[in-house]
Amino acid sequence: MAATDGDEQGAMRRAVAAGDRAIRSLGDVKPSPHRRLPLALQAGFSIAAPILVAIAFGRPDLGYLAATGAFAALYLASAKHIDRARFVPVIGATLLASAALGTAAGTNTALTAIGLVTVAVLAGVGTQLFALGPPGPLFFVLVFGASSHITAEVDGVRAVEPAVYLTSMAVGVAIAWAAASAPLVKRRHRIPPTPFRELVPGPRWTAEGAGVAIRVAAVAVVGTTIGFVLLNPEHAYWTVCAGIAVVGIRAPRHAVLSRGLHRVVGTFVGVGVFAMLSLIPFGHVGTALLLGLLQMAIELIVVRHYALALTLITPLVLTLVSSASGAAGSTIAPERLIDTVVGAGLGVLAALIPDPKGSNE
């Protein structure tokens, strides 16, 4: 009995200590592990340029769809320019595959739920097999959810046809590739590339990677169920994304609670920022420039302070999705708060799932 009491007290102390670390982490600003400005410039250009080009042709709606292809430029942030130029099309093609599945599933609620779980599980396994690193499976799931939402049938009619969405996004991926390749005009960047096997080592299954994939799958299954049964099926993907953002990359277990708290706090503040920005009549050109500046700032900040980055990520994603789907910002902002709290909570709970024993190293 005494031993049981001691165990309970020890668990309580560890929980209190973890909560204390999580709260104190909100005041910590980390140094950047590598130079981020080139990536920030490329990412900002990749999201603003397709919108501005589409505006010039009188179709800003297509520009917002194309801007989702900019997420292809966010991976392998520390890689050499020659390597990023070679890898952006690979990520872009995978994102397009996620979008294609999303548009196909958008005709049916059950298919959307099954697809959301499937894409999350595949992305979780794939990013761990090849040690892809941040931002991990997050954007593959986000693109699936956004594409299924934007192209969903309402009373038998699609607001955006799948072919239009996918073609627009492919243009966005091409612009992201061009941005990543731009530094190669300088001779000093035209150096031998890193072999793909070294750039994204794998396939290699480890206990740590298997643990991340299992936790992503758990968040996907439970988050999708809650989203479709208890919340709003139209944006269940946001709940799943909020959970995956907490557990979708390899990190010390003690850091998960901090990441979950940062996710909730950053999103709460970010929704407020989005609500204020939605009151300002930026126009299409102003919105394009705003999204570009937000994306640049995010890439400079995200490795230094996650909650602060989320205050910018949230209005960026909400502005992009609402502009692409024609939804009112005042309608989607409060719902995203609930989705985020539920998803982040699921992520923290999923972190309790241990790594499997006996995985091959």
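In the predicted model, Ala-131 is placed in the loop that joins α5 to α6. The phi angle of Ala-131 is near 45°, a positive value in a residue other than glycine. With a relative accessibility of 37%, Ala-131 counts as partly exposed, because the buried class ends under 20% and the exposed class begins over 50%. The loop between α5 and α6 also holds Pro-135, and the peptide bond leading from Pro-134 to Pro-135 is cis, its omega being near 0°.

Thr-127 belongs to helix α5, which spans residues 109–129. A relative accessibility of 5% places Thr-127 among the buried residues. A polar atom of the Thr-127 side chain lies 2.7 Å from the backbone oxygen of Ala-123. When residues up to four places away in sequence are set aside, Thr-127 touches Leu-132, Gly-136, Pro-137 and Phe-140.

Leu-76 is located in the loop between α3 (60–67) and α4. Leu-76 is buried, its relative accessible area being 11%, whereas Ala-131 is partly exposed at 37%.

The packing of helices is illustrated by α6 and α10. Two packed helices are described by the angle between their axes and the distance between those axes. Helix α6 comprises residues 138–150 and helix α10 residues 236–247; their axes come within 9 Å and cross at roughly 175°. The two helices are therefore roughly antiparallel, since an angle over 145 degrees falls in that class. On the α6 side, the contact is formed by Leu-138, Val-141, Leu-142, Gly-145, Ala-146 and His-149. Helix α10 contributes Tyr-237, Val-240, Cys-241, Ile-244 and Ala-245. Of the residues in this contact, 9 are nonpolar and 2 are polar, and no charged residue takes part.

Thr-103 is situated in helix α4 (residues 81–105). This threonine is buried, with a relative accessible area of 4%. Its neighbours, not counting residues up to four places away in sequence, are Ser-147, Ser-148, Thr-151, Arg-158, Pro-162, Tyr-165 and Leu-166. For one of these, Ser-147, the C-alpha atom is 5.6 Å from that of Thr-103, although 44 residues separate the pair in sequence.

Thr-167 lies in helix α7. At 51% relative accessibility, Thr-167 counts as exposed, because the limit for that class is over 50%. A polar atom of the Thr-167 side chain is 2.7 Å from the backbone oxygen of Ala-163. The C-alpha atoms of Thr-167 and Leu-65 are 9.0 Å apart in space, with the two residues 102 positions apart in sequence.

The loop between α7 (162–181) and α8 (196–199) contains His-189. His-189 is classed as buried, with a relative accessibility of 15%. Apart from residues up to four places away in sequence, His-189 touches His-81, Ile-82, Pro-183 and Leu-184.

Leu-349 is part of helix α14, which covers residues 329–350. Leu-349 counts as exposed at 53% relative accessibility. The C-alpha atom of Leu-349 is separated by 9.0 Å from that of Leu-257, which is 92 residues away along the chain.

For the protein as a whole, the secondary structure amounts to 14 helices and 2 strands. Of its 361 residues, 49% are buried. The accessible surface comes to about 16200 Å², and carbon and sulfur atoms account for 69% of that area. Among contacts between residues at least 6 apart in sequence, 82% join residues that are at least 24 apart.

Methods
Residues numbered from 1 in each chain as written. Predicted model: local features only at pLDDT ≥ 70, side-chain atom pairs only at ≥ 80, totals over all residues. Heavy atoms only, no water. Helix = DSSP H or I, 4+ residues; strand = E, 2+ residues; numbered from the N terminus. Buried < 20%, exposed > 50% of the residue type's maximum accessible area, 1.4 Å probe, protein only. Contact = heavy atoms within 4.5 Å. Areas by Shrake-Rupley, 256 points an atom, 1.4 Å probe, with all protein chains shown as cover. Axes fitted to C-alpha atoms, helices over the stretch in contact; angles between N-to-C directions. Parallel < 35°, antiparallel > 145°, perpendicular 65-115°, else oblique. Nonpolar A, V, L, I, M, F, W, Y, C, P; charged D, E, K, R; others polar. Polar contact = N/O pair within 3.5 Å; in protein donor to acceptor, adjacent residues only side chain to side chain.
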